[in-house]
Amino acid sequence: MRTSRIMAAAGFVFVLCAAALGSEEAASERNISIWGGYIGEAVWTLVWFGLLLVVLRLFAWKPLLAGLRSREKHIERQIAEAEKRRQEAEQVLQEYRAQLMDAERQGHEIITRRIQEAEEKAREIQAQTQKEMERIRQRMEADLERERAEAERQLWEQAAVIVRKLGREVFGKVLDEGDNQKLIQEAIERLREVEQGHS
């Protein structure tokens, strides 16, 4: 509809221009200048010019303004949509940054918790190791004490046997139980003194 109006206005303008050119050619043929014509021609020129302006306003200027306004509104809508998308993108970016910071915080908390758990586990293992070492030490000390007592018992038995032999060989008789115990006790005391002197 708008295109047809523009085409009609253009056709009308073309007709007016052709008429004007025709009148100009006729004027040129009569060698009449624009300032040297009749007043009627000047009036008709002004009338045609005014009519041309009216036609251009009705069929060319208004559609052109409407098209420009439509184009302006379209550009404004595109600018508004672009601004809206920019704000949405900014909001998404802020949400992404917030999520990233939250993920970093959670990662830091997880690492800290894992380090604390590892330290607690290391302390438990160290405590268990110390308990085990203490248990092994006590067992070894008990074994050493038992072996020492057994060695001491065997030593005293051998000493008693030696004392009996010495009694038979030195005194020529078999010692009775009282003499035997007395000699054994003396020998033990002597051995203990010797042992303490070495220690």
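The legends below accompany several close-up views of a predicted model.

View 1. The protein chain has 199 residues, of which 8% count as buried. Its accessible surface amounts to about 17300 Å², and 60% of that surface belongs to carbon and sulfur atoms.

**View 2. A nonpolar patch on the surface.** Nine names make up the list for this view: I39, V43, W44, V47, W48, L51, V54, L58 and F59 form a nonpolar patch on the surface, and together they have about 890 Å² of accessible area. Is V43 buried or exposed, or does it fall in between? With a relative accessible area of 46%, V43 is partly exposed, because the value lies between the cut-offs of 20% for buried and 50% for exposed.

**View 3. The salt bridge between D143 and R146.** The structure holds 13 salt bridges, and this view shows the one in which the side chains of D143 and R146 meet, with a distance of 2.4 Å from N to O. How far apart along helix α2 are D143 and R146? They are three residues apart in helix α2, and therefore about one helical turn separates them. D143 has a relative accessible area of 26% and is partly exposed, whereas R146 counts as exposed at 52% relative accessibility.

**View 4. R153 with its partners E150 and E157.** R153 takes part in a salt bridge with E150, in which the closest N and O atoms are 2.3 Å apart, and the side chain of R153 also meets that of E157 in a salt bridge of 2.4 Å, N to O. R153 and E150 both lie in helix α2 and are three residues apart, about one turn of the helix. E157 and R153 are four residues apart in helix α2, so they too are separated by about one helical turn. Each residue in this view is partly exposed: the relative accessible area is 39% for R153, 34% for E150 and 42% for E157. Elsewhere in the chain, salt bridges that share partners join D102, R105 and E109 into one network.

**View 5. A polar contact between E145 and R148.** Here the side chains of E145 and R148 are joined by a polar contact of 2.6 Å. E145 is found in helix α2, and at 43% relative accessibility E145 counts as partly exposed.

How values were computed. Residues numbered from 1 in each chain as written. Predicted model: local features only at pLDDT ≥ 70, side-chain atom pairs only at ≥ 80, totals over all residues. Heavy atoms only, no water. Patch = residues over 30% accessible without salt bridge, like charges linked within 9 Å, V, L, I, M, F, W, Y side chains within 5 Å. Areas by Shrake-Rupley, 256 points an atom, 1.4 Å probe, with all protein chains shown as cover. Salt bridge = Lys/Arg side-chain N within 4 Å of Asp/Glu carboxyl O. Buried < 20%, exposed > 50% of the residue type's maximum accessible area, 1.4 Å probe, protein only. Helix = DSSP H or I, 4+ residues; strand = E, 2+ residues; numbered from the N terminus. Polar contact = N/O pair within 3.5 Å; in protein donor to acceptor, adjacent residues only side chain to side chain.
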